[in-house]
Amino acid sequence: MKRKLLFGERMLLGDGTEPFNAVIPFRLRGTFTLKEIQQALARIQDKHPWLRALISHDEKNIPWFDVPEKPISIPVRILVRQGDNQWQEESRKEWQTLFNYEKLPLIRFVWIKGEEVSDMLFAFHHCLCDGGSAMMFLYEFLKVLDDPSADIGTENPILGIEDVVPASMLASRKQQLKAKFIGRLAATAIKCIPVSKKGIERKDDYLIHWKLSPTESREFMEYCKSQNVTVNTFLSAAILQAFKKVKGTAAFNKVSCPVDIRRFAPQIKNDHIFAFGLMIVVSANEKLSFSDNLPVMQKAVELKTSKLNPYITMMVMESGHDALKNFTKLLKNGKSSNDCMFSNLGRIQIPHEYKEFTLDTIFSPSVIGPLGNTTTMVVSTFRGEMDFSFVGSEGYLPYIEALAIRDEVIQTVKKEMEYTAV
């Protein structure tokens, strides 16, 4: 089984010389053997063909996902657990470690082994899948780790754009011309944008992690509901305000927010291994107060989201493979135009208690790559606790400023709730 990488996947893959890796850490209470872990990893590989895939290139140097006849196991790295924050150090190591994707799968596993508590990490190349897909194979891994005989089904994998975009739309002459026109227009515009020969020096990468307590998380969600805004909109506003306070006139007043494509393309199932996503950009009206901005931003978010069209977006991108080199160069070397990428995975629907172990916590995923500004904040909620991962690089956002931004976001959440309570 094999298929060509889509435009977005090729962009994330790059030329193989720079990692673009995502990490999902989680903590289990229980005892395990290496054999049990390897069997559970083999089970999810059995279900998902692309978790077995390597990358091969054809005569035109176009990359393909290529599933070998004899599966290659997911590599496992084991180390002795020495502290509660060791997973952060190992996350940073996994960001920097290239995948030898011609010989090994695009996913690996780290076991930080303790006597009663173990921290574990899934690390995968971002071209393989998004956070939604990763949460699904984490759910499946835990299910078969607890019960090796559990049924997790078999994925019917996406083999190309024709498995996502309706056939009627792909065959439409009007839609084909529209996609090609937009694609050519974008490709021409990209060529005209001045790009420096050398991008910003990234320097050291870092990870800042924090949680809200179950009480704080519940009160915050109830507050957002009472204000008729989503948690996503409130936090976007809080991030923008924090960047403005810390960076001053150097702030861009722009946050990029990924939108789950599954909301708009039902052909992509929850258990599909798939990396393509949609994006909106959120800004604040700097003439308004924070609280006055919230309904305005919520309305803007809903309008932008309603206009997203995954099908024409995919068709446009697939028409522009010849512009990939210029587009990648622009992202790498062009001037940064947004403060941060912010992703809210929402409530993670994975059980907490199992027969053989307990899932103590899931830390929010982290991801970092070479395509421009690395500053990214990810939030997720598990067992009623909101968990934040804030990733960045000194060359884009100094660590000391990132700490100040974190403090401002936390303060904004607490201050707005206290003000409303009074």
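1. In which helix does Glu 408 lie? Glu 408 lies in helix α12, which covers residues 399–421; helices here are DSSP runs of H or I of at least four residues, numbered from the N terminus. Glu 408 is buried, with a relative accessible area of 19%, where buried means under 20% relative accessible area with a 1.4 Å probe and protein chains only. Not counting residues up to four places away in sequence, Glu 408 touches Ala 242, Lys 245 and Val 246, contact being heavy atoms within 4.5 Å.

2. On the basis of the note: this is a predicted model, in which local features need pLDDT of at least 70 and side-chain atom pairs count only at pLDDT 80 or more, while totals for chains, interfaces and linings use all residues. Residues are numbered from 1 along each chain as its sequence is written, and side-chain values use heavy atoms, with hydrogens and water left out.

3. The buried residues of α8 include Val 231, Phe 234, Leu 235, Ala 242 and Phe 243, and just after the helix Gly 248 takes a positive phi of about 65°.

4. The largest nonpolar core has 60 residues, and those with the most contacts inside it are Phe 220, Phe 234, Leu 235, Phe 274 and Met 386; such a core is a set of buried Ala, Val, Leu, Ile, Met, Phe, Trp, Tyr and Cys residues joined through side-chain atoms within 4.5 Å. Helix α8 gives the largest share of this core, nine residues.

5. Helix α7 (residues 214–226) packs against α8 at an angle of about 100°, with the axes 9 Å apart. That makes α7 roughly perpendicular to α8, a description that applies to angles of 65 to 115 degrees. The contact is made by Phe 220, Met 221, Tyr 223 and Cys 224 of α7 together with Val 231, Phe 234 and Leu 235 of α8.

6. Met 417 also lies in helix α12 and is buried, with a relative accessible area of 14%. Leaving aside neighbours within four places in sequence, Met 417 is in contact with Glu 216, Glu 219, Phe 220 and Tyr 223.

Terms used. Buried means under 20% relative accessible area, exposed over 50%, partly exposed in between (1.4 Å probe, protein chains only). Helices (H or I, at least four residues) and strands (E, at least two) are DSSP runs, numbered from the N terminus. Axes are lines fitted to C-alpha atoms, for helices over the stretch in contact, and angles run from 0 to 180 degrees between N-to-C directions. Angles under 35 degrees count as roughly parallel, over 145 as roughly antiparallel, 65 to 115 as roughly perpendicular and the rest as oblique.
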